[in-house]
Amino acid sequence: MTNGKTPVAILISGRGSNMAALVAASKAEDCPYRVVLVAANDPDAGGLALAQAAGIPTFARSHKGLKRAEFDALLDAEIRKTGAEWIALAGYMRLLSPEFIAGWQGRIVNIHPSLLPLYKGLDTHARAIAAGDAEGGCSVHIVTPALDDGPVVAQARVPILPGDDAESLAARVLPEEHRLYPQALADLVRR
Ligand code: GRF
């Protein structure tokens with residue numbers, strides 16, 4: 001810890017809006033975590049530029065051509081260099097190997113755009129609408145080796161309205177993700 005704040009690494013694969021929300025929240029004096037690394041498995045991930053603009057060290061390396069365990073070992077080494085104590089997945093579109101997850105002892109967290117245990121995996125909003133659900137939302141959960149399966153620590157709900165499509169529902173859920181994730185991560189690192 002430096003300045004009493006717990007160091008956190010964030011993994012992304014894309015635009016990084018949740019990462020940016022985590023970083024923005026970390027600037028508050030009373031936020032118990034600070035972001036020490038943003039790492040991407042896609043060098044073209046849009047979020048990398050956002051992280052750099054915020055002065056956060058970044059690491060980018062494509063997973064292509066490497067076995068999952070090899071790539072994860074490389075990632076693990078980069079993260080450990082920073083002294084991170086927690087890892088937050090923010091749109092990280094790759095399953096982590098059981099070895100990687102075991103090395104972090106319940107200190108990897110993820111945000112998923114559904115009310116887990118409903119709709120693990122992709123196309124969550126379209127599936128919620130197709131099922132006729134009255135509500136959608138997002139969940140923050142601890143990462144275990146099975147996809148989107150670990151214990152849920154926080155959820156936010158939004159209504160599904162007549163005429164909604166996946167895009168309009170995603171647009172309603174995303175601000176809730178940006179509010180929920182920093183709060184849930186802060187609660188976790190304070191425990
Ligand atoms: C979010 O909807 C998140 O819940 C899901 O992937 C999306 C990532 O968006 N895991 P962003 O990269 O954080 O903008």
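The legends below describe close-up views of a predicted model. Local features need pLDDT of at least 70 and side-chain atom pairs count only at pLDDT 80 or more, while totals for chains, interfaces and linings use all residues. Residues are numbered from 1 along each chain as its sequence is written, and side-chain values use heavy atoms, with hydrogens and water left out.

View 1. Serine 17 places a polar side-chain atom 2.5 Å from a ligand oxygen atom. A polar backbone atom of asparagine 18 is 2.8 Å from an oxygen atom of the ligand. At isoleucine 111, a backbone N or O atom lies 3.0 Å from a nitrogen atom of the ligand. Taken alone, the ligand exposes 370 Å², and the protein buries 84% of that. Accessible areas come from the Shrake-Rupley method with a 1.4 Å probe, and for residues only the protein chains shown count as cover.

View 2. The ligand takes up the space of the largest pocket. On a 1 Å grid over the protein atoms alone, a pocket is an open set of points with protein on both sides within 12 Å along at least five of seven lines, whereas a cavity is a set of points where a 1.4 Å probe fits but cannot get out; lining residues have an atom within 4 Å of a point. A molecule sits in a cavity or pocket if more than half of its atoms lie within 2 Å of its grid points. Helices (H or I, at least four residues) and strands (E, at least two) are DSSP runs, numbered from the N terminus.

**View 3. Asparagine 18 in helix H1.** Asparagine 18 is found in helix H1. With a relative accessible area of 8%, asparagine 18 is buried; buried means under 20% relative accessible area, exposed over 50%, and partly exposed in between (1.4 Å probe, protein chains only). The side chains of asparagine 18 and glutamate 177 make a polar contact of 3.0 Å. A polar contact is a pair of N or O atoms within 3.5 Å; within protein, one must be able to donate a hydrogen and the other to accept it, and residues adjacent in sequence count only if both atoms are side-chain atoms. Not counting residues up to four places away in sequence, asparagine 18 touches Ala90, Ile111, Leu174, Glu177, His178 and Tyr181, where contact means heavy atoms within 4.5 Å.

**View 4. The buried residues of H1 and their cover.** Asn18, Met19, Ala21, Leu22, Val23 and Ser26 are the buried residues of H1. Their cover includes E1, strand E2 (33–40), helix H2 (47–53), strand E4 (86–89), E5 and helix H6 (166–190).

View 5. Serine 13 sits in the loop between strand E1 (6–12) and H1. Its relative accessible area is 13%, so serine 13 is buried. The side chains of serine 13 and asparagine 41 are joined by a polar contact of 2.7 Å. Leaving out residues up to four places away in sequence, serine 13 touches Asn41, Asp42, Ala45, Ala90, Gly91, Tyr92 and Met93.

**View 6. Histidine 112 in strand E5.** Strand E5 (residues 108–112) contains histidine 112, which is buried at a relative accessible area of 4%. Apart from neighbours within four places in sequence, histidine 112 is in contact with residues including Tyr119, Lys120, Cys138, His141 and Asp148. Histidine 112 and histidine 141 are 29 residues apart along the chain, and their C-alpha atoms are separated by 7.9 Å.

**View 7. Backbone geometry in the loops on either side of E5.** Most residues other than glycine have a negative phi, and most peptide bonds are trans. The peptide bond from leucine 116 to proline 117 is cis, with omega near 15°. Proline 117 belongs to the loop between E5 and H5, and tyrosine 119 also lies in the loop between E5 and H5. Tyrosine 119 has a positive phi, near 55°, and counts as buried at 16% relative accessibility. Glutamine 105, in the loop between helix H4 (98–102) and E5, has a positive phi near 45°. Glutamine 105 counts as exposed because its relative accessibility is 63%.
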